[in-house]
Amino acid sequence: MIVKNLIGALTIGSVYALLALGYSLIYQASGLMTFVQGDLFMLGAVVGLALYAYLKIPFIIAFVLTIIGMFFFGLLIEKCVIRILLKKEAAVIYVVLSTIALSIMLQNFVMLVWGSQLLFFPPIFAVSNIKIGSVSIIPESLMGFGMALVSMLLLHIFINKSKFGTAMRAAAQDPMAAATMGIDVSKTTSITWGISAALAGVAGLIFSPIYAASFVMGVSPGLKGFAGAVIGGYGNMYGAIVGSLFLSLTETFVAGYISSGYKDFISFFILILILFIKPRGIFNADVLGD
Amino acid sequence: MLTVKNLTMIFGGLTAVNDVSFIVNKNSIFGLIGPNGAGKTTLFNIISGFLEPLKGQIIFKGDDIQNLKPYQLNKKGIARTYQVIKIFKNITILESVMTAMHSRLKSGLLAAITGNNFLEERRATKRALEILEFVGLSHTSDNLAGSLSYGQQRQLEIAGALASEPSLLLLDEPAAGMNTKEKNDLIKLIKKIQDMGVTILIIEHNMRLIMGIADHICVLNEGKKIADGKPKEIQQNEDVIKAYLGGGDINDYNFRS
Amino acid sequence: MSNTNKRYFYFLLILIAGLLPVVFHDQIFLIMLMYSSAIYTIAVSGLDILFGYSGQISIGHAAFYGIGAYTSAILSTRLGITPWITMLLGGILAVIFAVLIAIPAVKLVHHFLVLVTIGFGQIFYTFVGNAKQLTNGHTGIMNIPYFKIGSFSFNTMISYFYVAFFIMLMFLFIKHKIIKSRIGRAFIAIRENPTSANSSGINVRYYKIMAFAISAFYTGIAGAMYAHFTNYISPSTFTFSQSIIFFVMLLVGGKGSLFGPIVGVVTLTVVLQYLQALSQYQSLAYGAILLFTVLFLPQGIVGSVFISPKKYFISKKAV
């Protein structure tokens, strides 16, 4: 029982973690906050579903296509919305509001196209469950883990070891200095938004084969990913992962042993508590507090 | 009026202010100078309540004030302006000055709703116009603050500082970015304020300006006080000259006023 | 326009608005739109005090709307207290919660404050949906009593309108007084430049909390009125969407003004009437309108249309 809960918590935790990484990445790169991660998560799930279930494209190809598509969609958002506001030197609040607007539009657009019912993912594997010891796991769960780990690893390598990743980090720390060194700061910012969207897409394709998809599926995970990022220290990559896992474990065990109706309540409560008591999170993020 | 004792402030590994002490006499113009990075603005931020010092004491009119917040200091009679001018751009100039009178007015929420603040508001408006007249901005009172020229914005900032009826006025590089005419107008204004009985503590990079108006000068270098005395003494002080040659602005070498 | 002329103009506007329902007394639909606009205007004016004047964002105001509604509903249905009093209590409870949240929250930067307000909104929604003993959960509370004076019961749409209209005028008047006072100046200073406000003698924290409190009172009262007009409330009204609606109305109409909320409420109410037929497009429309406003019209309708040329003249010597 505990093991089953644990696996569930880790699966959800990796979903939250991927979303949280997206939030922290954008914050690190541009100091901006986005509220559309959850809906990009949903979009990834729905598009992947459409490709796999309706167009009958093999899963791996559907996956890759979705991720690429999400990446470009992230670039699109940055170019068409965020950049316009930044050029106008609009107050940060307007950027936040624009992402909220996008979130609403995405949700309703998907609802209009795909309807409001739950959309089920057809099974990806021939076996319906795998037995490890006395526990049976859905293979999609294992696949989800794998995808999460690989994504995080790739992200880590990309940011810390690649030339582009280094340029991105430089631009994040000091845009002016980076610009004088020839780094195209607006390009690195766009790519950050693209990567975050792609991460959300991966998260969507981890989640929906196990739990199904719907137009509202992104609301709660979106906020919880955000919470995970805050708990770990907003802007800190490793914190995002740690914070998200902490949140999902707490959540799962509260739901399992106390009450599932209050599951969301607990998460938001923890979030607000952290914001009140230790907004810098576990790893002491450089939160530009008042 | 103001006694600073053994003030020390450390950020991470950097000692920004190192055991600095000095006394500012009532109704004097006290200059704080030093090369870039000497710790002047940090010191100002401590005196004006934005930072709490690690060690040391600040005594104002007999009370310890190093732990008070900016708005509390304002109430006690300390007002300040900033190196990068801070004004309220989207309200009128008259409203800006009235806003800065906050600690000298009393009407609260209830008075506002019931209209009991009518008389106070009328008095405040009159006083605000007087202050604007004093700094030379009364003709613009209905314009938005953001529409003023740079020099006028500084005048507005000073008007705001005066609105709280301070005994001590802190001016952080007030002449920064000004042309000659604006600088001369500023000097006249500062002298006028001194004539009103206000004590003035001023950070300035412009040597001629400071030597011209200060009654007393304190020199900081790398967080430490290296000299303290009348302008003539400072000009001839070897340590001061060395400090500026070591890393100051070429333009600041003309010590003689 | 001189001050006296302004007063005549406002008086005329109020007279016309007040007489419309009498003239069109058989247009039930119009009257419904009018009273719901009045309620929304109060709620959005409250949000304006918080966002337009003190510069703090809340996308959780549906919670205060709901606290007002539920408090008033529960107290009047269970304890039989007259709606006038329970409405007031609803407003007061909203204030209490606002202050409790604001005390730790106002020190947070923009984005985190937004998050707290969203979180609070979610917590409220989850709570009223689950606390069945107190709130009847998702079934909702029915048979909420009407406002009464003596034996006269305010149970027709026209009567709703006049109650709402009268209270709205009162609240708008109060808002006007607050804005023009020392308190209002403090709010604006905080919005424009918190550092300068602080050194100008304004206790920034205290006034930020006050703005939250006043804002919550307005929205709470609006919520209570809503409860006594529709006689039925359930959690589904007090969602994140509702908070967004308030915000969009404020932004579209023009924040930081007396008329902005009215214009925003009326505009959006009208626009959405046209979308009634396509009700599933409503939310999408809200999102699109919000995006458009944020990108191209952040000052709102009032802010863009009523610009005085003298005020926006930038001196050539400006640096």
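A residue counts as buried if 20 or more other C-beta atoms lie within 10 Å of its own, exposed if 12 or fewer, and partly exposed in between, with C-beta atoms placed from the backbone. By that rule, buried residues make up 50% of the 290 residues in chain A.

This is a predicted model, in which local features need pLDDT of at least 70, side-chain atom pairs count only at pLDDT 80 or more, and totals for chains, interfaces and linings use all residues. Residues are numbered from 1 along each chain as its sequence is written, while chains are lettered from A and ligands numbered from 1 in the order in which they are written.

**Chain A**

Chain A has 11 helices and 2 strands. Helices (H or I, at least four residues) and strands (E, at least two) are DSSP runs, numbered from the N terminus. Read from the N terminus, the order in chain A is α-α-α-α-β-β-α-α-α-α-α-α-α. The C-alpha atoms of chain A fill a box of roughly 60 × 45 × 40 Å along the principal axes. The radius of gyration is taken over C-alpha atoms, and the globule rule is 2.2 Å times the number of residues to the power 0.38. For 290 residues a compact globule would have a value near 19 Å, and chain A agrees at 19 Å. Two residues are in contact if their C-beta atoms, placed from the backbone, lie within 7 Å. Among contacts in chain A between residues at least 6 apart in sequence, 75% join residues at least 24 apart.

**Chain C against chain A**

This contact takes 31 residues from chain C and 34 residues from chain A. On the chain C side, α4 (83-105), α5 (110-130) and α13 (282-296) each supply at least two residues. α5(C) gives the most, with 13 residues. By class, the chain C side has 21 nonpolar, 9 polar and 1 charged residues. Here Ala, Val, Leu, Ile, Met, Phe, Trp, Tyr, Cys and Pro count as nonpolar, Asp, Glu, Lys and Arg as charged, and the others, Gly among them, as polar.

**Chain B: two domains**

Chain B is divided into domain 1 (1-77 + 167-257) and domain 2 (86-165). These bounds come from an automatic or database domain assignment. The C-alpha centres of the two domains of chain B lie 27 Å apart.

**Chain B: strands**

Two strands pair if DSSP finds at least two bridges between them. An open sheet of 4 strands in chain B has the order β2-β1-β4-β5, with antiparallel pairing. Its edge strands are β2 (14-24) and β5 (63-64) of chain B, each pairing on one side only. Helix α1 (residues 40-47) of chain B lies across β1 (2-11), β2 and β4 of chain B.

Strand β7 (residues 168-172) of chain B is largely enclosed by the rest of the structure, because 5 of its 5 residues are buried. B:L168, B:L170 and B:D172 lie on one side of β7(B), with B:L169 and B:L171 on the other. The table lists pairings in chain B.

| Strands | Sense | Bridges | One bridge pair |
|---|---|---|---|
| β4 (55-60) and β5 of chain B | antiparallel | 2 bridges | B:F60 and B:D63 |
| β7 and β8 (199-203) of chain B | parallel | 5 bridges | B:L169 and B:I200 |

Key: Axes fitted to C-alpha atoms, helices over the stretch in contact; angles between N-to-C directions.
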